[in-house]
Amino acid sequence: DIQTTSFSTVPSEGVLPGTTNTPPALERSDVLPAIGLVWNVASNMSVRLNYGRTVARPSFRELAGVRTYDPVLDEYIVGNPRLRMTDVENYDLRWEWFPRPGELYSVGLFYKTLENVIEKEFVSSRGDIITFVNRPEAEVYGVEFEARRSLDFISHWLREWTLGGNVSLIESEQSVSELQKANHTRPDLLGESRPMADQSPYIVNLDLTYDNPKWGTTFSASYNIFGPRLIIANLAAPDVYEQPAPQLDVVLVQRIGRNLRLKLGARNLLDPEVERTYGEDKQAIYSSYTRGRSYGLSLTYDF
């Protein structure tokens with residue numbers, strides 16, 4: 001059960017200005033079945049088949065008919081009290097092989113169907129305020145590769161080092177409705193379909209880890225990058241996409257005696273330019289900024 005009450009002096013999505021807005025509560029009881037089948041091909045190899053239903057609920061901010069500032073998007077947003085929950089059907093097939101303890105090779109296929117997808121959209125063709133809307137349906141499918149291996153196959157001196165990562169290749173699609181075309185001032189910019197919002201066509205994660213229990217030392221370096229993803233549906237120009245921005249983080253943890261742990265961390269060492277552009281092909285810059293690097297130091301005592 002989700003109930004919002006809001007008051008706004010400016011027009012909002014489906015809200016009269018100057019009035020207290022208390023839309024009907026979002027009330028639902030969901031049965032979310034899940035089933036899994038595991039076939040142990042060998043003692044260290046298995047095939048998994050899974051199905052499950054899930055839901056995505058709108059947040060208070062997405063529902064409340066008031067205008068607020070979003071520091072992540074660097075935009076003003078207005079909630080939509082008429083939002084509905086998203087229903088998701090999930091199908092997964094995965095092959096896994098564990099050649100040695102701590103090592104893994106796997107390939108997975110996945111397919112998802114979504115109804116009432118929640119997406120960010122500009123309130124008007126001026127493109128200065130964002131709201132949230134439901135899209136009728138979308139589908140997502142793809143393949144994921146994952147591997148983790150000790151580096152002792154290179155040299156015995158590297159036995160404490162492991163290299164791992166995963167790569168996901170993803171296709172997402174939702175139909176462009178006649179209503180979307182009617183609300184767009186440039187319907188010629190719209191095709192029959194477009195990607196689902198916030199879904200990248202690829203995601204890459206890599207990590208290098210050093211773990212020496214004898215010395216009490218752990219070090220890890222992780223790298224992440226994602227493909228260009230639709231973040232805001234436009235009503236008068238090409239949609240706004242967030243372009244790839246690689247991230248590199250490192251963490252060092254050192255045990256001192258029995259009870260003390262010293263932790264050093266550094267995030268976003270590459271500090272790339274974060275670009276949002278009109279169109280996936282960067283037709284023009286919508287916004288550009290850097291997040292900056294961050295460093296952390298902590299000392300923990302365990303009783």
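This is a predicted model: local features need pLDDT of at least 70, side-chain atom pairs count only at pLDDT 80 or more; totals for chains, interfaces and linings use all residues.
**Tyr210 and its ring partner**

I started with tyrosine 210, which is buried at a relative accessible area of 13%. I then looked up the ring partner, and tyrosine 210 forms an aromatic pair with tryptophan 161. The centres are 4.9 Å apart and the planes sit at 45°, so I logged the pair as tilted, the class between under 30 degrees (stacked) and over 60 (edge-to-face). The pair links distant parts of the chain: tryptophan 161 is in strand β10 (residues 161–175), tyrosine 210 is in strand β12 (residues 202–212), and 49 residues separate them.

Is tryptophan 161 buried or partly exposed? I found 23% relative accessibility, so tryptophan 161 counts as partly exposed; the cut-off for buried is under 20%.

I also checked how many aromatic pairs the structure holds, and the count is nine. Elsewhere, ring pairs join Tyr51, Tyr91 and Tyr111 into a cluster.

**Ser150**

Tryptophan 161 also turned up in the contact list of serine 150, along with Arg100, Glu103, Leu158, Arg159 and Thr162, leaving aside residues up to four places away in sequence. I placed serine 150 in strand β9 (residues 129–150). Serine 150 counts as buried because its relative accessibility is 9%. A polar atom of the serine 150 side chain lies 3.3 Å from the backbone nitrogen of aspartate 152.

**Cores**

Next I went to the largest nonpolar core, which has 16 residues. Which of them touch the most other members? I noted Phe122, Ile130, Ile232 and Val240. β8 (104–122), β9 and β14 are the elements that give two or more residues to this core. A second, separate core has eight residues, among them Val117, Ala138, Val140 and Met196.

I followed up on valine 117, which lies in strand β8. Valine 117 is buried, with a relative accessible area of 6%. Setting aside residues up to four places away in sequence, valine 117 touches Thr86, Val133, Asn134, Arg135, Glu137, Ala138 and Met196. Two of those names, Ala138 and Met196, are also in the second core.

Valine 240 has tyrosine 278 as its bridge partner in β18, and glutamate 242 stands opposite arginine 276.

On to β19: β18 pairs with β19 in the antiparallel sense over five bridges. In that pairing I noted threonine 277 opposite isoleucine 285. How many residues lie between β18 and β19 in their hairpin? I counted five, and in the turn glycine 279 has a positive phi of about 85°.

Methods:
Residues are numbered from 1 along each chain as its sequence is written. Side-chain values use heavy atoms; hydrogens and water are left out. Two strands pair if DSSP finds at least two bridges between them. Helices (H or I, at least four residues) and strands (E, at least two) are DSSP runs, numbered from the N terminus. Buried means under 20% relative accessible area, exposed over 50%, partly exposed in between (1.4 Å probe, protein chains only). A polar contact is a pair of N or O atoms within 3.5 Å; within protein, one must be able to donate a hydrogen and the other to accept it, and residues adjacent in sequence count only if both atoms are side-chain atoms. Contact means heavy atoms within 4.5 Å. A nonpolar core is a set of buried Ala, Val, Leu, Ile, Met, Phe, Trp, Tyr and Cys residues joined through side-chain atoms within 4.5 Å. Rings of Phe, Tyr and Trp (its six-membered ring) pair if their centres lie within 6.5 Å; planes under 30 degrees apart count as stacked, over 60 as edge-to-face and the rest as tilted.
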